[in-house]
Each structure stands twice: as structure tokens, then as C-alpha cells.
Amino acid sequence: MAMAKAILSSEHLGTLFHQARTHNAWHPQPVSDDLLRQIYDLMKWGPTSANSLPARFVFLRTKEAKERLRPALSPLNVDKTMQAPVTVILAYDLKFYEHLPRLFPMKPDMKNMFSSSAQLAEITAFRNGSLQGGYFILAARALGLDCGPMSGFDNAKVDAEFFPSTSVKSNFLCNLGFGDHSKLFPRSPRLEFEEVCELL
Ligand SMILES: Cc1cc2nc3c(=O)[nH]c(=O)nc-3n(C[C@H](O)[C@H](O)[C@H](O)COP(=O)(O)O)c2cc1C
């Protein structure tokens with residue numbers, strides 16, 4: 001099969017995909033606030049519909065902040081989350097459209113389209129917030145960090161604790177840090193192109 005020449009080196013592709021793993025155990029090496037800012041400043045360039053940028057982020061870096069999350073975690077996610085240097089709550093703002101006049105100035109009417117339909121605003125926020133979550137993971141990997149995304153938690157409890165009386169809803173969590181490769185599970189297989197792709 002003819003291979004297109006990758007723009008990134010195989011080492012870089014490995015950092016983002018082939019060698020990158022979902023981590024469950026963490027080295028104690030801390031993650032600086034500056035690095036968290038760098039992740040955001042990289043991932044923010046990923047595309048979203050109408051440049052809506054609905055994702056919101058809460059970085060839990062202290063024991064006190066982690067303890068606020070603990071009651072919402074599924075039992076199997078507790079220890080690794082408490083051990084991780086940082087846990088980020090990836091959330092989305094249902095009222096993302098308030099920023100659209102600034103973020104999408106070429107179509108000033110877009111704000112009204114979303115503000116007049118809660119259903120459209122919800123699906124747009126969730127779709128694009130989830131996309132931004134994927135950009136976040138890849139940006140963190142590109143900057144040398146390891147990730148441990150998790151959906152095993154009670155969203156309602158997280159929302160009540162971290163986003164009370166707001167239009168922000170939690171999507172998923174992601175532990176961040178420098179993963180202990182010796183504690184990884186064996187890599188699980190992926191579906192092949194022929195199983196999931198159609199060429200029409
Ligand atoms: C959105 C999302 C939610 C996940 N939720 C959990 C979780 O709650 N607990 C857990 O141990 N792993 C969770 N995982 C980890 C996946 O099982 C893991 O990413 C997948 O098996 C691929 O592993 P690999 O990256 O090491 O190949 C989650 C992953 C994603 C992307």
C-alpha cells in the first residue's frame with residue numbers, strides 16, 4: 001500500500017498516538033500551572049462549529065480540590081485520581097453562545113439561533129465540548145504529559161459541587177501527569193479500517 005509521507009516524524013506520531021497510552025498510575029513529578037496554560041493555548045486552536053468554543057476546564061491541583069471530587073468518583077477511579085498530580089474536569093457551557101458576537105463576528109445572528117433553541121445549544125455544546133476534550137488530550141501529549149480520561153463518575157454530583165447555579169455541565173475527567181509505564185495494562189486492539197470505514 002502506498003503510504004503518504006507524514007508531516008510529523010514517526011517519533012512525534014508515536015507521542016500522539018502509537019506509543020501514547022491511557023495511564024492509571026502516576027509518578028510524583030508535579031505539573032506546573034504554566035504547563036496547564038500551555039495545554040490550553042495549544043488546544044484552543046482546534047476547530048469548533050461557529051467557533052463556539054463551549055469547553056470549560058477546572059484544574060484540580062491540590063488535595064483539598066481533589067477531596068471535593070472524591071465523593072463523585074466511581075470506586076475504581078478513586079486511587080488513581082487522588083494520586084495524579086492534576087485532574088481536570090472537562091465541562092461545557094450551555095450558554096456558550098453569549099460569546100459568539102466576539103468569537104464569530106462575521107455572523108452576528110448566530111447567537112440568536114442558539115439562544116432560541118435549548119436543544120440545539122445542548123447538542124452543539126456537547127459535540128464541540130467533546131471534540132475540544134480530544135484536542136486537549138492530544139495537546140497534553142504533544143507537550144510531554146500523559147493522560148487518564150475517565151467517565152466513571154457521577155456528573156450530577158460534580159455539577160452540584162463545582163458548577164452550582166451555572167449553565168456549565170461536566171463532560172468527562174482527565175488525570176494528567178507523568179505516567180508510570182510499568183503499571184500499564186496490555187494495549188487493547190483497535191478495529192481495523194475494513195471494519196469501520198466505508199469508501200464510497
Ligand atoms: C471519555 C473516556 C472515558 C473513560 N473512562 C474511564 C474510566 O472511567 N475509568 C477507567 O479506568 N478508564 C477510562 N477510560 C480509559 C479507556 O478505557 C482507555 O482510554 C482505552 O481502553 C484505551 O486505552 P489505551 O489508550 O491505553 O490504548 C476512558 C477513556 C475515555 C476516552
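**Entry 1: Ile137**

I began with Ile137, which lies in helix 7, residues 118-142; helices here are DSSP runs of H or I with at least four residues, strands are runs of E with at least two, and both are numbered from the N terminus. I am reading a predicted model, in which local features need pLDDT of at least 70 and side-chain atom pairs count only at pLDDT 80 or more, while totals for chains, interfaces and linings use all residues. Residues are numbered from 1 along each chain as its sequence is written, and side-chain values use heavy atoms, with hydrogens and water left out.

I looked up the accessibility of Ile137 and found a relative accessible area of 16%, so Ile137 is buried (buried means under 20% relative accessible area, exposed over 50%, and partly exposed in between, with a 1.4 Å probe and protein chains only). Leaving aside neighbours within four places in sequence, I found Ile137 in contact with Cys147, Pro149, Phe172 and Cys174, where contact means heavy atoms within 4.5 Å. I also noted that Ile137 and Leu16, 121 residues apart in sequence, are 8.9 Å apart in space from C-alpha to C-alpha.

**Entry 2: the cysteines**

Two of the contacts of Ile137 are Cys147 and Cys174, and I therefore asked how far the sulfur of Cys147 is from the closest cysteine sulfur. The closest one belongs to Cys174 and is 4.1 Å away, which is too far for a bond, given that a disulfide is counted as a pair of cysteine sulfur atoms within 2.5 Å. My search of the whole structure found zero disulfides.

**Entry 3: the ligand shell**

I next listed the residues around the ligand, namely Arg21, Thr22, Asn77, Lys80, Pro149, Met150, Ser151, Gly152, Arg187 and Arg190; a residue is near a molecule if one of its heavy atoms lies within 4 Å of it. I sorted this shell into two nonpolar, four polar and four charged residues.

For polar contacts I took pairs of N or O atoms within 3.5 Å. A polar side-chain atom of Arg187 lies 2.5 Å from an oxygen atom of the ligand, a backbone N or O atom of Gly152 lies 2.8 Å from a ligand oxygen, and a backbone N or O atom of Pro149 lies 3.2 Å from a ligand nitrogen. I then noted that the protein covers 61% of the 640 Å² of accessible area that the ligand has on its own, an area that comes from the Shrake-Rupley method with a 1.4 Å probe. The elements giving two or more residues to the shell are helix 4 (75-83) and strand 3 (146-150).

**Entry 4: loop residues**

Where is Asp180 found? I placed Asp180 in the loop between strand 4 (168-177) and helix 9 (193-196), where Asp180 counts as buried at 13% relative accessibility. Not counting residues up to four places away in sequence, Asp180 touches His23, Ala25, Trp26 and His27.

Phi of Ala50 is near 55° and phi of Leu53 is near 45°, in each case a positive value in a residue other than glycine. I recorded Ala50 as buried at 16% relative accessibility, and Leu53 likewise as buried at 16%.

Note on methods
A polar contact is a pair of N or O atoms within 3.5 Å; within protein, one must be able to donate a hydrogen and the other to accept it, and residues adjacent in sequence count only if both atoms are side-chain atoms. Ala, Val, Leu, Ile, Met, Phe, Trp, Tyr, Cys and Pro count as nonpolar, Asp, Glu, Lys and Arg as charged, and the others, Gly among them, as polar.
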